[in-house]
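Subject: Structure handover

Hello,

Please find the structure below, with the sequence alongside. My notes on it follow.

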Amino acid sequence: MATRVRPSNKRCAVIGGSGFLGRHLVEKLLDRGYSVSVFDIRQSYELSGVTFHQGDLCDKQALLPAMKDVSLVFHCASPAPASDDRRLFERVNIQGTRTVIQACIEAGVQKLVLTSSASVVFEGTDIKNGREDLPYAKKPIDYYTETKIEQEKLVLEACDKEKGFLTVAIRPHGIFGPRDPQLVPILVDTARRGKMKFIIGDGTNLVDFTFVENVVYGHILAAERLRSDSPICGKPYHITNDEPVRFWDFMSEVLVGLGYAAPRYHLPYALVYGLALLLWLLALILRPLVSFKPTFTPMRVALAGTHHYYSCDRAKQDLGYKPVVSLKDGIARTVQSYPHLRQGA
Ligand SMILES: NC(=O)C1=CN([C@@H]2O[C@H](COP(=O)(O)OP(=O)(O)OC[C@H]3O[C@@H](n4cnc5c(N)ncnc54)[C@H](O)[C@@H]3O)[C@@H](O)[C@H]2O)C=CC1
Ligand SMILES: CC(C)=CCC[C@@H](C)[C@H]1CC[C@H]2C3=C(CC[C@]12C)[C@@]1(C)CCC(=O)C[C@@H]1CC3
């Protein structure tokens with residue numbers, strides 16, 4: 001009789017492991033003695049100790065080989081929030097996540113850790129020290145958020161102690177750090193086009209920005225604490241730097257660190273939000289004729305002009321989480337890592 005190989009608890013798979021967060025997670029897992037399978041639609045690097053499987057997560061047959069003899073799966077793949085493609089988000093974040101869950105169960109995976117987002121409760125209005133029991137956004141501000149909500153629900157509802165399939169969701173916010181393809185590049189691009197002169201609103205709104213290594217640490221703690229007798233099964237956890245900062249102070253610090261001027265002039269929030277909404281509608285109506293991507297989307301303006309910071313008390317209590325890199329050090333390491341984005345480079 002063929003005996004089934006018991007999956008090693010130091011063997012894991014990272015879906016989305018070619019991405020910004022995924023790659024940092026893979027590197028830390030290797031440091032901690034795990035062997036890692038990466039599953040991603042693209043391969044962006046090579047690393048010893050890592051086996052790459054290239055494919056679309058909506059394809060179960062493609063996923064299964066990456067999960068062979070694996071006890072733990074991290075799912076941190078998603079289309080980029082900047083894409084406004086409803087069908088793509090629904091296909092990958094909702095249907096694709098259903099497929100990931102089915103594949104995990106079929107492959108005998110015991111633990112699934114999802115990278116969700118703190119934005120699942122954000123509707124474009126102030127959130128101050130938000131806890132995990134806030135309701136999901138009833139009117140999500142974009143398709144990305146809408147489908148991240150459904151994705152999180154699917155993963156948490158799939159948690160089944162009887163069947164030995166345990167799940168947990170990590171909700172990071174504003175991830176930044178070396179190799180981030182979003183935050184610093186968008187900021188620098190906006191500055192280079194001369195559009196970073198204005199502060200939206202009075203500039204006092206507090207926001208969480210989270211250094212990538214803290215997010216990675218939260219994921220690994222969750223994975224290692226996920227057992228059938230632990231309180232974390234089927235629950236979401238905020239992971240932040242636990243140091244809310246003024247959105248515009250953070251932006252200015254990164255800009256000045258890279259040699260650009262900090263924004264100075266104030267614009268009323270309602271005016272900019274209204275304009276962004278108009279532009280978004282215009283882009284939608286004109287889509288069959290011309291395609292343009294406005295820099296100022298309603299979501300971006302809301303993120304830049306409201307308070308949105310979250311309590312990570314639950315993660316501290318249940319996971320023993322504490323940020324490992326301070327905001328100050330995180331910003332310094334990030335700025336240093338982008339010599340090619342410096343003014344004049
Ligand atoms: N970057 C941020 O500030 C935040 C990110 N998150 C979440 O963290 C996760 C990771 O985000 P990032 O690393 O920033 O994004 P990223 O875009 O760098 O990485 C996502 C990865 O998913 C892969 N992917 C996309 N569609 C796929 C498909 N159909 N099949 C297989 N792979 C596919 C991409 O190729 C990419 O490598 C995402 O789930 C995102 O929603 C949550 C909160 C904040
Ligand atoms: C805290 C959090 C969730 C951050 C997410 C990252 C991005 C959404 C931001 C990174 C750079 C930001 C940015 C703007 C909006 C939000 C970001 C894209 C603006 C477009 C807001 C309006 C401006 O005046 C220019 C800004 C450029 C940078």
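Helices H5 and H7 are roughly perpendicular to each other, because their axes cross at roughly 75° and an angle of 65 to 115 degrees counts as roughly perpendicular. The two axes come within 11 Å. On the H5 side, Leu183, Val184, Leu187 and Ala191 make the contact, and on the H7 side Phe250, Met251, Val254 and Leu255 do. By class, this contact has eight nonpolar residues, no polar ones and no charged ones. Please keep in mind that the model is predicted.

The contact of H3 with H4 has seven nonpolar, four polar and six charged residues.

Next, the ligand. Which residues come nearest to ligand 2? They are His173, Met196, Val207, Phe296 and Leu303, out of 18 residues around ligand 2. On its own, ligand 2 has 590 Å² of accessible area, and the protein covers 94% of that. The shell around ligand 2 has eleven nonpolar, five polar and two charged residues. Helices H5 (183-192), H7 (247-257) and H9 (298-305) each supply at least two residues of this shell.

UniProt lists residues 13-264 as "domain: 3-beta hydroxysteroid dehydrogenase/isomerase". In the model, that span is 35% helix and 20% strand, and its end C-alpha atoms lie 46 Å apart. UniProt also lists residues 270-290 as "transmembrane region". That span is 81% helix and 0% strand in the model, with its end C-alpha atoms 27 Å apart.

Regards

Technical notes:
Residues are numbered from 1 along each chain as its sequence is written. Chains are lettered from A and ligands numbered from 1 in the order in which they are written. This is a predicted model: local features need pLDDT of at least 70, side-chain atom pairs count only at pLDDT 80 or more; totals for chains, interfaces and linings use all residues. Side-chain values use heavy atoms; hydrogens and water are left out. Ala, Val, Leu, Ile, Met, Phe, Trp, Tyr, Cys and Pro count as nonpolar, Asp, Glu, Lys and Arg as charged, and the others, Gly among them, as polar. A residue is near a molecule or strand if one of its heavy atoms lies within 4 Å of it. Accessible areas come from the Shrake-Rupley method with a 1.4 Å probe; for residues, only the protein chains shown count as cover. Helices (H or I, at least four residues) and strands (E, at least two) are DSSP runs, numbered from the N terminus. UniProt positions are given in the numbering used here, feature names are shortened, and annotations may be inferred rather than shown by experiment. Axes are lines fitted to C-alpha atoms, for helices over the stretch in contact, and angles run from 0 to 180 degrees between N-to-C directions. Angles under 35 degrees count as roughly parallel, over 145 as roughly antiparallel, 65 to 115 as roughly perpendicular and the rest as oblique. Contact means heavy atoms within 4.5 Å.
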